[in-house]
Every structure is written in structure tokens, then in C-alpha cells.
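Here's a plain walk through one protein model, written for someone opening it for the first time. Have a look at it, then read on.

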Amino acid sequence: MSSDPGISRPTAVFGSFPRVRMRRLRRDDWTRRLVAENRLTADDLIWPCFVVDGEQERQEVASMPGVERLSIDLLVEAAGEAKDLGIPAVALFPSVDPALKHPDGREATNPENLVCRAVRAIKEAHPDLGIVCDVALDPFNSDGHDGICRNNYVVNDETVAVLVKQAIVQAQAGCDVIAPSDMMDGRIGAIRDGLDAAGFEDVRICSYAAKYASAFYGPFRDAVGSGGALKGDKKTYQMDPANSAEALREVALDLQEGADMIMVKPGMPYLDIIRRVKETFAVPTLAYQVSGEYAMLKAAVHNGWLNNDAAVLESLLAFRRAGADAILTYTAKEAARLMRDG
Ligand code: PBG
């Protein structure tokens, strides 16, 4: 038997036990708010959206519940809602009529193509809303690849020449941010020179510098209609998911070539890459919460396995914590609404 009170009351022996209580600052909402290290606001979001030809046309994307392809008239309205929610920019992706697709992706450089018409219409209605356009041939290419194929291989330099033209027609239409997502070598420098020579020195470049050959793009390929056509995979140009130091080399090159912003893609499975890029280069770093991440989240919500609102906001805050300055996410509008309504 022991009369030592320390056995049942350690505080008597060790003084205050434990002296450090991490939970003190978690106890009340006001201290939690005071010490929060990272925040998410609508300012951090870019809304990626899909555009299709037609009028009053609205098509659901089966593998992305809640995401629709919209005709330009409806997209102009939807972009206005995003703007009113405080979202700084939208990213446009076209779902192109298969009849316009060609092995050389020539429709990509047509100044009257779907993307260019959408850019002009959105800019006219909402001059203060930023517009980001993808540069890559896959929505326009009959074999679904981001560049031109010769003998089943996407050729680099010939593709880059077409991408420069694609970037210029998009800039002429009023696009603010050119976002090459093709992963060809040297395309950032070539596009920068092309834009500058055409008088678009203020058009920004956001390079998908660390873009992985990922299984998480499947639903996007449904949305733009490039998936069925895709011959093979994109492993000869997109990065190997096994690699991380290689991402730093890709980013270093794109910054040297004139990229203003860097994108890491996919997002949640690649938070370590976001962190390394941000710590190494301290440049504006964006993350793309891609279609497959969105599909997973919504599928779990649909089954009643996750709480939608909490999971959406937590997934986005995690990008901020990892070091992302902004996030492209299909949840942009719902997240902005959730934050507005508290
Ligand atoms: C194509 C492109 C892709 C995405 C954005 N631009 C798909 C791909 O590389 O096959 C994917 C986005 C998403 O999955 O949400 N250049």
C-alpha cells in the first residue's frame, strides 16, 4: 500500500502535469481562429469549366456529378456567378465536335474555334474576370494526344510550333493566362517569344511544369471527349509518378524560360511535390485538384460515406497548407458559396 499521492495524482509529484497542454489553444473557436496558420478564401480558387457548341446547351458529365458542359451563352452566365462569388479566374476546356478533330489538331489554331469564341464572350460580359486557357492539342486531336503523333510517338518540336500558334490565337481572343499542359520540352520559352513578338508581353504563362502521367485524369477525358480516342497513354511526355526531384528540374527550366506561375497536377496525391516546389523556388505555385479527385470525393459523398461540405473545404485547405497559392478545382463555386455562407 502506498500513501504517496503521486500514484493517483501525478500533479502532486511533478507539479503541473502536463505543463504544456496543446489542447488549450484548441478549446475555443476564437483561439482556433486566432492561431490558424493557413486560410482558404475564394481568392485562392480557379474554376475549370467545359464549353460545348450550341445554344442553351447543358450536358451532364456522368463521371463528374455536378459538372456540366455548357454552351457559350450559359457559360457566360455561370462565369458571372463565379465572379460574383469572388473567384478571380476561370479555366476553359472545350468539348470539340469530333468532325473538327484531325490528327494534326489544326482546329486548335483556328481563331474562331470554340475556346476563342468562349473567351471573347466571357471577356465582353465580365472584363474583370481572369481567363485561363489550356495549351495542348488533345481536345482537337483525333488521337487524343497533347501533340502531333508520328509513328505512335508525340513529336516535340513540331508540336511546339503548333502550340505557339494556339497560344497566340487564344491571346488574340482575350485570354489572360496561357497554361501549357502538354509537357513538350522547350514550349514555355517558345510560347513566351511567340506571345511577345505578337505584342502580348502582358499575357501571363502558367506552366503545368510538374504534370504527371496520372490515372486521375479519366473523367476529364470523358468531359472533353478525348478519352475514347486516346491511343495508348501519355507516359512518353507526362512525368512518372515515381519521381519528385525530376519535378524540380522541370520547374527550374520553365521558370528560366519565362513561366510566371507553376502548376502541379494532380493535386492531393502530389502534395509533397507542391511543398518541394514552393520551398525550392518560392514562386506562385498552383495545384490542380483534378477530375479523378473530384469524382472520388463525389462518389463517396453520394454513398453517404463522406460529408460533402467538410470534405470539400478540408481538401482545399490541405493544398494551402502544402504551399499552394491557388487551386484549380471543380468545387470552386460550391466552396466559395460554403465560405460565403459560413
Ligand atoms: C490535357 C489536360 C488534361 C487535364 C487538363 N489538361 C488531361 C490529360 O493530360 O490527359 C486533366 C484535368 C483533370 O483531370 O481534371 N492537356
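Of the 342 residues in the chain, 44% are buried. A residue is called buried if 20 or more other C-beta atoms lie within 10 Å of its own, exposed if 12 or fewer do, and partly exposed in between, with C-beta atoms placed from the backbone. Keep in mind that this is a predicted model: local features need pLDDT of at least 70, side-chain atom pairs count only at pLDDT 80 or more, and totals for chains, interfaces and linings use all residues. Residues are numbered from 1 along each chain as its sequence is written.

Now for the overall layout. The chain has twelve helices and twelve strands; these are DSSP runs numbered from the N terminus, with helices being H or I of at least four residues and strands being E of at least two. Along the principal axes, the C-alpha atoms fill a box of roughly 90 × 45 × 40 Å. Among contacts with a separation of 6 or more, 74% link residues 24 or more positions apart, where a contact means that two C-beta atoms, placed from the backbone, lie within 7 Å.

Next, the annotated spots. UniProt, in an unreviewed entry, puts an "active site" feature at Lys211 and Lys265. The two are spread over 55 residues of sequence, yet they cluster in space, with a largest C-alpha distance of 4.9 Å. UniProt positions use the numbering used here, feature names are shortened, and annotations may be inferred rather than shown by experiment.

Here is how much surrounds each of these residues:

| Residue | C-beta neighbours within 10 Å | Class |
|---|---|---|
| Lys211 | 27 neighbours | buried |
| Glu250 | 20 neighbours | buried |

Lys211 sits in strand 9 (residues 204-211), and Lys265 in strand 10 (residues 261-265). Skipping residues up to four places away in sequence, Lys211 touches Ser181, Met183, Gln238, Met239 and Lys265. With its own close sequence neighbours left aside in the same way, Lys265 contacts Tyr208, Lys211, Tyr212, Tyr288 and Val290. Glu250 belongs to helix 8 (residues 245-256) and, beyond four places in sequence, is in contact with Ala209 and Ala210.

What surrounds the ligand? Its shell is made of Asp134, Ala136, Asp138, Asp146, Ser181, Asp182, Tyr217, Phe220, Arg221, Lys234, Val290 and Ser291; to be near it, a residue needs its C-beta atom, placed from the backbone, within 6 Å. By class, that is four nonpolar, two polar and six charged residues. Here Ala, Val, Leu, Ile, Met, Phe, Trp, Tyr, Cys and Pro count as nonpolar, Asp, Glu, Lys and Arg as charged, and the others, Gly among them, as polar.

Ser291 also leads us to helix 10 (residues 291-302). Its buried residues are Ser291, Gly292, Glu293, Tyr294, Ala295, Leu297 and Lys298, and their cover includes helix 7 (218-224), strand 11 (285-289) and helix 11 (308-322). After helix 10 comes Gly304, whose phi is positive, near 80 degrees.

Pro127 lies in the loop between helix 4 (114-125) and strand 5 (130-135), and its C-alpha atom is 9.5 Å from that of Gly174, 47 residues apart along the chain.

Definitions and conventions:
The expected span of a helix is 1.5 Å times one less than its number of residues.
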